[in-house]
Amino acid sequence: MVSDFGRSLFLMICSLWASIGFAGTRDDFPPALSARFTVLLNAQVQELYLRRTDTQIQTAWLTSGKWALWTRSPEGEFNLQQVFMSEQRVVEYVSGELKTRRMVPDWLQFGSLVMPSMLDQARQVGHARRLGRSAIHYRGKLAGDPADLWWLPGPSLPASFEWGRGKQAIVWQLRTITPAGTAFDEALLRDFVRMDAADLGDM
């Protein structure tokens with residue numbers, strides 16, 4: 001069974017809202033793209049949209065209407081907007097606030113969601129084609145629970161990822177990969193209430 005701690009850790013990875021680590025350089029960032037996933041969690045299917053470039057990572061949980069828009073400056077500073085569509089509310093985190101809260105992302109890992117390097121005792125167990133692309137099959141552990149990953153090295157994305165056992169397992173499936181397209185139009189948030197995370201205290 002996936003532990004409460006493990007589930008919380010995984011949700012942080014999934015939502016891309018609170019990863020801590022080294023901010024990778026633009027030179028080694030994977031290709032810009034958009035992708036859609038389905039995520040099975042607690043017998044419910046969630047839809048996740050990802051758009052990434054070397055300066056921006058956008059995620060949207062389409063089922064719940066919770067979005068995150070991360071930007072990175074040429075100097076390596078980060079800003080985050082958490083968007084709550086149903087509430088028409090935006091919580092903004094400037095670079096200093098992210099550092100205070102220890103929410104500075106590992107930019108490379110962040111843009112790939114799940115990577116083989118995140119798994120403990122990871123080992124290659126096979127190769128195959130997934131979504132018409134070469135994929136490598138890894139097995140290992142995450143937070144002490146078994147993890148199974150089909151990894152696409154070209155786009156640097158998981159084709160599928162299963163974590164845990166039985167009905168408690170969390171399952172990702174990559175559905176589509178498309179060009180990154182145009183950046184998010186922040187004019188869509190024009191009428192949303194904006195809040196500074198620094199005014200909210202610990203969340």
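Reader: In the hairpin of β5 and β6, which residue takes a positive phi near 50 degrees?
Author: This is a predicted model, where local features need pLDDT of at least 70, side-chain atom pairs count only at pLDDT 80 or more, and totals for chains, interfaces and linings use all residues. Residues are numbered from 1 along each chain as its sequence is written, and side-chain values use heavy atoms, with hydrogens and water left out. Strands (E, at least two residues) and helices (H or I, at least four) are DSSP runs, numbered from the N terminus. This hairpin has four residues between its strands, and the residue with that phi is Q88.

Reader: How many bridges join β5 to β6?
Author: Two strands pair if DSSP finds at least two bridges between them. Here β6 covers residues 89-93 and runs antiparallel to β5. One spot to look at is F84, which stands opposite R89 in β6. The number of bridges joining β5 to β6 is five.

Reader: How many of the seven residues of β5 are buried?
Author: Buried means under 20% relative accessible area, exposed means over 50%, and partly exposed is in between (1.4 Å probe, protein chains only). β5 spans residues 78-84 and is mostly covered. The buried count is six.

Reader: Which are the edge strands of the open sheet of 12 strands?
Author: Follow the order β7-β8-β9-β10-β11-β1-β2-β3-β4-β5-β6-β12, where the pairing is mixed.

Reader: Why does S112 count as buried?
Author: S112 is found in helix α3, residues 107-112. S112 counts as buried because its relative accessibility is 0%.

Reader: Which side chain makes a polar contact with the side chain of S112?
Author: Contact means heavy atoms within 4.5 Å, and S112 touches P30, R52, W151, S156, L157 and P158, leaving out residues up to four places away in sequence. A polar contact is a pair of N or O atoms within 3.5 Å; within protein, one must be able to donate a hydrogen and the other to accept it, and residues adjacent in sequence count only if both atoms are side-chain atoms. At 2.8 Å, the polar partner of the S112 side chain is the side chain of S156.
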